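Keep the 3D view open as you read.

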Amino acid sequence: MSTVSGTSILTGRQGLSGRLSDFFWRNPKILLLLMLTPPLLWLGVIYLGALFALLLQSFFSIDDFSGLINYEFTFATYKQLLIPSNFDIILRTVLMAVLVTLASAIIAFPIAYYAARYARGKWKVIFYLGVMLPLWSSYLVKIYAWKLILAKEGILTWFLAKLNLLWLLDAWLALPVVGGTSLSISYTGTFIVFIYVWMPFMILPIQASLERVQGNLIEASADLGGKPSQTFRYVLFPLALPGIIAGSIFTFSLTLGDYIIPQIIGSSRLFIGQAVYAQQGTAGNIPLAAAFSIVPIVIMGLYLWMAKRQGAFDAL
Amino acid sequence: MRSDKNTSAPLGLKIAAGLGLAFLHLPILLIFLYAFTTEEKSYQFPPPGYTFKWFAAAWNRPDVWEAMGLSVRVASISTVVALVLGTLCAAAVSRTKFFGREAVSLLVILPIALPGIITGIALRSAFSFAEIPFSFWTIVLGHATFCVVVVYNNAVARFRRISGSLVEASADLGADSFQTFRYIILPNIGTALLAGGMLAFALSFDEVIVSTFTAGQQSTLPIWMLEELIRPRQRPVTNVVAMIVVLVTFLPILGAYYLTRDGDQVAGGGK
């Protein structure tokens with residue numbers, strides 16, 4: 001398209017649309033500008049503007065006596081993040097995000113591997129839809145389903161009672177930190193629901209990276225005497241790693257920012273998302289809420305930078 | 001080429017993959033079961049009895065209808081906005097190389113790559129900064145922002161497959177660029193746009209995190225459901241609504257899958 005020069009061989013077109021068409025043909029930059037302006041205005045002004053305003057607010061502080069925002073540049077609000085009670089929230093959230101990401105990768109890998117290497121024809125479609133439907137189905141419905149399962153009188157208790165394994169559940173709930181009076185108000189419950197809701201995002205990138213692994217590589221490893229565990233450790237895992245990292249971007253980021261799951265299924269101890277929500281809502285401390293929400297942005301920025309170095313974006 | 005077409009998977013892998021898929025699907029089926037229970041105070045399992053009365057109860061609840069109406073309107077308008085912006089962006093990015101192209105694709109993906117709560121609180125503080133009162137339009141503003149990426153992804157993938165020679169042939173045969181768009185490009189990207197639009201609708205219809213920040217007093221269906229989860233009134237009614245939401249979001253996803261499945265067969269795609 002770009003090879004045509006401005007010299008006209010033909011006479012120009014007639015009519016408004018014809019002349020406009022000729023004009024765009026000769027000035028592709030103007031057409032490009034016209035096409036880019038609406039989306040860039042929308043995303044650039046509304047979205048980036050809002051993000052920038054948020055960033056700005058985090059450098060203000062709140063007056064302890066009047067409760068009004070003090071519009072002076074200060075790092076005082078960021079210092080508040082380092083108070084033990086606030087710093088605990090950050091540590092707790094990051095630890096949860098790491099654990100959820102690791103567990104998701106472990107559960108997702110066999111599904112992705114089977115779908116990439118063994119599923120053919122009809123089964124390929126079943127696996128694809130089997131991952132896409134839960135991934136896209138309603139977030140709240142998924143959380144609600146787990147409330148039904150984990151409730152004290154719910155299906156899990158019933159099932160374990162049938163198997164005479166209730167003592168196992170009770171022993172688990174008696175543990176410090178991960179336990180509680182019921183699974184639906186414990187860290188264990190929060191952990192399970194996080195995995196359930198975000199794990200599908202892990203499957204597709206791993207599957208994409210495994211699709212590129214040639215079957216004969218695995219056979220070669222076996223021919224050279226590699227046991228299945230060695231083949232996994234030295235052949236499959238390194239090749240799947242970019243996909244795992246790509247998937248972990250989603251599981252990690254989504255867990256970091258979530259505030260609804262720990263609110264509905266979890267102990268009363270806060271996560272970053274809940275802290276942001278509480279600070280901007282009931283507490284009315286917008287600067288602290290803004291400072292809290294900068295934390296996931298910074299962590300994700302570092303994470304994305306490391307992921308890019310590992311070549312994870314090629315696997316997306 | 002793969003050399004292992006007929007080998008079957010080791011048993012352990014089959015079991016792990018099967019269990020994983022079951023883990024993803026069984027909880028949703030449980031929602032359906034509880035829509036028919038006669039017990040409304042607790043989540044007793046197995047349900048003591050089964051009834052259809054909650055469907056009638058849900059039908060007669062005006063708050064359910066109101067929330068659903070709002071969600072459908074928000075999702076429709078957000079989808080239209082996302083279709084226009086996403087297609088424009090995809091067309092610009094895929095047909096020319098220009099300075100800052102990478103930045104544009106990053107900007108489109110950012111609203112969905114950052115946690116929803118950040119998009120939500122950023123928009124909320126911007127609205128209060130600019131003294132914009134919360135309304136139907138503030139919800140749409142938020143939803144359209146993160147729906148653009150879905151349309152964009154679908155459209156970019158399809159634009160890449162349309163052969164440049166088709167467009168050139170159209171020009172050689174005397175079509176102006178509007179005719180080329182109308183008769184060549186649009187039929188080729190149509191199904192991708194439809195699929196992207198359906199997914200955007202499903203995404204908006206289901207979104208709760210950003211909406212809680214931009215909705216003010218109004219309740220979209222997910223916000224209604226969140227309130228019911230925290231302060232339940234008639235629990236099985238929530239299940240009936242949840243079941244409807246699942247079915248409503250499944251249709252566009254299945255539709256989008258069937259529309260983009262044959263994407264490789266786009267005219268001139270082999271070039």
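Is the crossing of H1(B) and H11(B) left-handed or right-handed? The crossing is left-handed. Bear in mind that this is a predicted model.

Start with the geometry of that pair. Two packed helices are described by the angle between their axes and the distance between the axes. Helix H1 of chain B covers residues 11-34, and helix H11 of chain B covers residues 235-261. Their axes lie 8 Å apart, and the packing angle is about 130°.

H1(B) supplies B:Ile28, B:Ile31, B:Phe32 and B:Tyr34. H11(B) answers with B:Pro236, B:Asn239, B:Ala242, B:Met243 and B:Val246. By class, eight of the contact residues are nonpolar, one is polar and none is charged.

Step back to the whole of chain B. Chain B has 11 helices and zero strands. Read from the N terminus, its elements therefore run as α-α-α-α-α-α-α-α-α-α-α. Taken along the principal axes, the C-alpha atoms of chain B fill a box of roughly 70 × 65 × 30 Å.

Next comes the interface. On the chain B side, 69 residues are in contact with 73 residues of chain A. H1(B) returns here: it gives the largest share of the side of chain B that touches chain A, with 13 residues. That side of chain B divides into 50 nonpolar, 13 polar and six charged residues.

The C-alpha trace of chain A spans about 90 × 75 × 35 Å along its principal axes. How does its radius of gyration compare with that of a compact globule of 316 residues? Chain A has 26 Å, whereas such a globule would have a value near 20 Å.

Two helix pairs in chain A deserve a look. Take H4(A) and H12(A) to begin. Helix H4 of chain A runs over residues 84-118, and helix H12 of chain A over residues 228-257. Their axes come within 9 Å and cross at roughly 140°. That angle makes H4(A) oblique to H12(A). H4(A) passes H12(A) in a right-handed crossing.

From H4(A), the contact draws on A:Thr93, A:Met96, A:Ala97, A:Val100, A:Thr101, A:Ser104, A:Ala105 and A:Ala108. Facing them in H12(A) are A:Ile244, A:Gly247, A:Ser248, A:Thr251, A:Phe252, A:Thr255 and A:Leu256. The contact of H4(A) with H12(A) holds eight nonpolar and seven polar residues, with no charged ones.

Turn to H6(A) and H9(A). Helix H6 of chain A spans residues 139-150, and helix H9 of chain A spans residues 187-198. The two axes come within 10 Å, with a crossing angle of roughly 140°. H6(A) is thus oblique to H9(A). The crossing of H6(A) and H9(A) is right-handed.

What does each helix bring to this contact? H6(A) brings A:Tyr139, A:Lys142, A:Ile143, A:Trp146 and A:Leu150. These meet A:Gly189, A:Ile192, A:Val193, A:Tyr196 and A:Val197 in H9(A). The contact of H6(A) with H9(A) has eight nonpolar residues, one polar and one charged.

Note on methods
Residues are numbered from 1 along each chain as its sequence is written. Chains are lettered from A and ligands numbered from 1 in the order in which they are written. This is a predicted model: local features need pLDDT of at least 70, side-chain atom pairs count only at pLDDT 80 or more; totals for chains, interfaces and linings use all residues. Axes are lines fitted to C-alpha atoms, for helices over the stretch in contact, and angles run from 0 to 180 degrees between N-to-C directions. Helices (H or I, at least four residues) and strands (E, at least two) are DSSP runs, numbered from the N terminus. A crossing is left-handed if the near helix is turned anticlockwise from the far one by less than a right angle, and right-handed if clockwise. Two residues are in contact if their C-beta atoms, placed from the backbone, lie within 7 Å. Ala, Val, Leu, Ile, Met, Phe, Trp, Tyr, Cys and Pro count as nonpolar, Asp, Glu, Lys and Arg as charged, and the others, Gly among them, as polar. The radius of gyration is taken over C-alpha atoms; the globule rule is 2.2 Å times the number of residues to the power 0.38. Angles under 35 degrees count as roughly parallel, over 145 as roughly antiparallel, 65 to 115 as roughly perpendicular and the rest as oblique.
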